Amino acid sequence: MNNLDQKTNHLLLLFPDNPSEKKVLSLTESIYSVGRHSDSTIKLNSSSISRHHATLIRKDLGETENIYILIDGDLKGQRSQNGILVNGKKTIHHRLEDGDVIIFGENEHKAIYKQENNLEKIKVDSLSNLSSEKLIKNIDSSSKISRERLQDTLVISEENLQENLTNKDINRLASFPELSPNPILEFDFDGNITYTNPAANLCFSDFLTTSTNSNPLIAGLSDKPTDSSGGLIIREIKIEDRYFEQYVHYLSKQNVIRTYIFDITERKNSEEKLKYQAFHDTLTGIPNRDFFYWKLAKFLQKRQKNKEKLAVLFIDIDRFKNINETLNHTTGDKLLESFAQRLTSCLPSYCFLSRWGGDEFTLIIPLDENLLTAKNIAEIIINSLKNPFLIAKYTIYVTCSIGIATYPDDGLEEKQLIKNADIALFRAKQMGKNNFQFYTTQLSQEQMLLFELENGLYNALENHELFLNFQPQFNLKTNMMSGVEVLLRWLHPTLGAISPAKFIPLAEETGLIISIGEWVLEKACMEGKKWQDLGYLPLLIAVNVSGKQFQQENFIEQVKYILNKTKFDPNYLEIEITETILMQDVEKTDLIIRELSALGVKFSLDDFGTGYSSLSYLKKFPFDTIKIDQSFVRDLDVNKQDQALVSAVITLAKGYNMKVVAEGVETENQKSLLKKLNCDIIQGWLVSKPLKQGDFSNFLTKYTKDIQFDIRSFNQSL
């Protein structure tokens, strides 16, 4: 018997967690490196495997006998991080024996070492032992066949081994393709199948009877590649509902093409699922922002080629934040889902709807002569929301605002169209919501101005661009100045004076109003203290406080700190708040007003009559002053209804022992009527325009010296 018959065969059966990486290795080399390193002879892909995890060394005991020794780490003495277990025991140096179970790392990579001293001993029992339960299970799951049929295919009788197998068959068997859980197929360059392993027979029995190019396993492979692939190509094939990866080796010397086939259906399905998830919104199921960008680019390519138009719509649910905060986020999510379904059901099929993020959606509309216009689609969307949404126990009515930009008029690229549609959306919200607006270049200019203002506002305080104006208040009964309202102003270095109506909402939106408001309060108290120290008449200083600043957790401590720092008498500080602040948190507002009132701080209800004007506020909160908005004073001398309202407010305030300040007084007739109606204090250009700090100091000096001082003449001289 020759040496081949006597020589020991060493096998290493690898069983990693990933089924596609399971393999049977025939050990023939002197040294094998095992690990995560790319140069490892046996590469194991896992974070728990060291780069150089183990080493296999062959030791020759004679001409026909050899063994393998397993060493933890590499030959330089560097050990693995997670160690090696052999038959459940940790080892550093181990002589491998038949049936040893090896675990590399943290039980993620298992291996079984097998050896056979004679090929004639490889029969049913030994092969069944080699195909362990885990290996059989893997073959069973990958090829969808029964275990009994699999074992039948592995039956190789001694008679066949001795009499029927050629040397070529024996060499092939020596590499154990019959034990591979993956199909192996060989065919010549004419497409004739020359060999199939058991797994191929089981998986592709319907295709092995034909050797034509209609066979999906062979089709397109007859011609050897002429590129630099080195005789190896990899391709994917689909047979019915399953996907396979086919490794194709062109062995020219043997005039054969050998293919190894791996079932990748699970991976492909996972990839498709991941692809879907990557391009669809998980909540609503409609395309997401990334898909929208990709689709818009495709639309624009086609439209540009055919010189056709399209529209991009930006859709925003009005007051969605209020719904989220009032009800709950779960209800808000269900509303978003229902909103997307409502839009999908009412839109034409040629429109492309996506969720941009939050409560914003985007829409692409091809604009062809025989299709609906962007205006028609916007009207359809708005009208579809007239019916309420029934979410759990709630009946929710919502509206939306829509901005529209068209290609090519409003932009040639995706980002430009989206930006301009967003600008138009902003205008729709400015116009009262529940409407749609088309983009215009004027809107873009306004948006750029707002952007410049917002950026400038961040540094305005630090750059000393913000300053205070002071507008005197006069007592109609004593005909003397009784107080002053502090007004915030901004002088932009390039844009000049910015209206408070523009920059105050920006400060509120960005949150800068908190730091700015704190600065205003401290600056006003500093000025008030300075005037008192100079001997001027004590004046009540009224300071407007925003809702965000007022609702800060430390607002009471902030006011106390400023009063203590500036040494300003709290009895001369009046904090002006609006009705909307009262509505945000009634209990907290009541606590703030009462605690600061106990220090002597006064409180004024500003712009009375323009908000909800609930009379319960006057009863609940201890206000010192009510300020009548200038909109009711402007036509007071000609509008009987305004006269009646102002008279009612004054009577009501007197009943609660509150003073009344009328804003925006500009004529003598208005002043006379207010005096007749028993109004306490007036404020406006009839008395004085708002004065800068230096001008107001000069005014105080002259006013203190001359009680007959004419403030209007003083204003005209400025």
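Let's start at tyrosine 247, which is partly exposed, with a relative accessible area of 26%. Keep in mind as you look around that this is a predicted model.

Tyrosine 247 has an aromatic partner: with phenylalanine 262 it forms an edge-to-face pair, 5.5 Å centre to centre and with 85° between the planes. The label edge-to-face applies because the planes are over 60 degrees apart. Phenylalanine 262 is also partly exposed, at 22% relative accessibility. Since tyrosine 247 sits in strand 15 (residues 242-251) and phenylalanine 262 in strand 16, the pair ties together parts that are 15 residues apart in sequence. A search of the whole structure turns up 19 aromatic pairs, and Phe279, Phe291, Trp294 and Phe352 form one aromatic cluster.

Now stay with strand 16 (residues 256-263), where you will also find threonine 259. Is threonine 259 buried or exposed? Its relative accessible area is 0%, so threonine 259 is buried. Leaving aside residues up to four places away in sequence, threonine 259 touches Tyr247, as well as Pro183, Ile184, Leu185, Phe187, Leu221, Gln246 and Val248.

Our last stop is a pair of helices. The axes of helix 16 (residues 513-533) and helix 18 (residues 555-566) come within 9 Å and cross at roughly 30°. That angle is under 35 degrees, which makes helix 16 roughly parallel to helix 18. Their crossing is right-handed. Helix 16 contributes Glu518, Leu521, Glu522, Cys525, Met526 and Lys529 to the contact, while helix 18 brings Gln558, Val559, Ile562, Leu563, Lys565 and Thr566. Sorted by class, the contact has six nonpolar, two polar and four charged residues.

Technical notes. Residues are numbered from 1 along each chain as its sequence is written. This is a predicted model: local features need pLDDT of at least 70, side-chain atom pairs count only at pLDDT 80 or more; totals for chains, interfaces and linings use all residues. Side-chain values use heavy atoms; hydrogens and water are left out. Helices (H or I, at least four residues) and strands (E, at least two) are DSSP runs, numbered from the N terminus. Buried means under 20% relative accessible area, exposed over 50%, partly exposed in between (1.4 Å probe, protein chains only). Contact means heavy atoms within 4.5 Å. Axes are lines fitted to C-alpha atoms, for helices over the stretch in contact, and angles run from 0 to 180 degrees between N-to-C directions. Angles under 35 degrees count as roughly parallel, over 145 as roughly antiparallel, 65 to 115 as roughly perpendicular and the rest as oblique. A crossing is left-handed if the near helix is turned anticlockwise from the far one by less than a right angle, and right-handed if clockwise. Ala, Val, Leu, Ile, Met, Phe, Trp, Tyr, Cys and Pro count as nonpolar, Asp, Glu, Lys and Arg as charged, and the others, Gly among them, as polar. Rings of Phe, Tyr and Trp (its six-membered ring) pair if their centres lie within 6.5 Å; planes under 30 degrees apart count as stacked, over 60 as edge-to-face and the rest as tilted.
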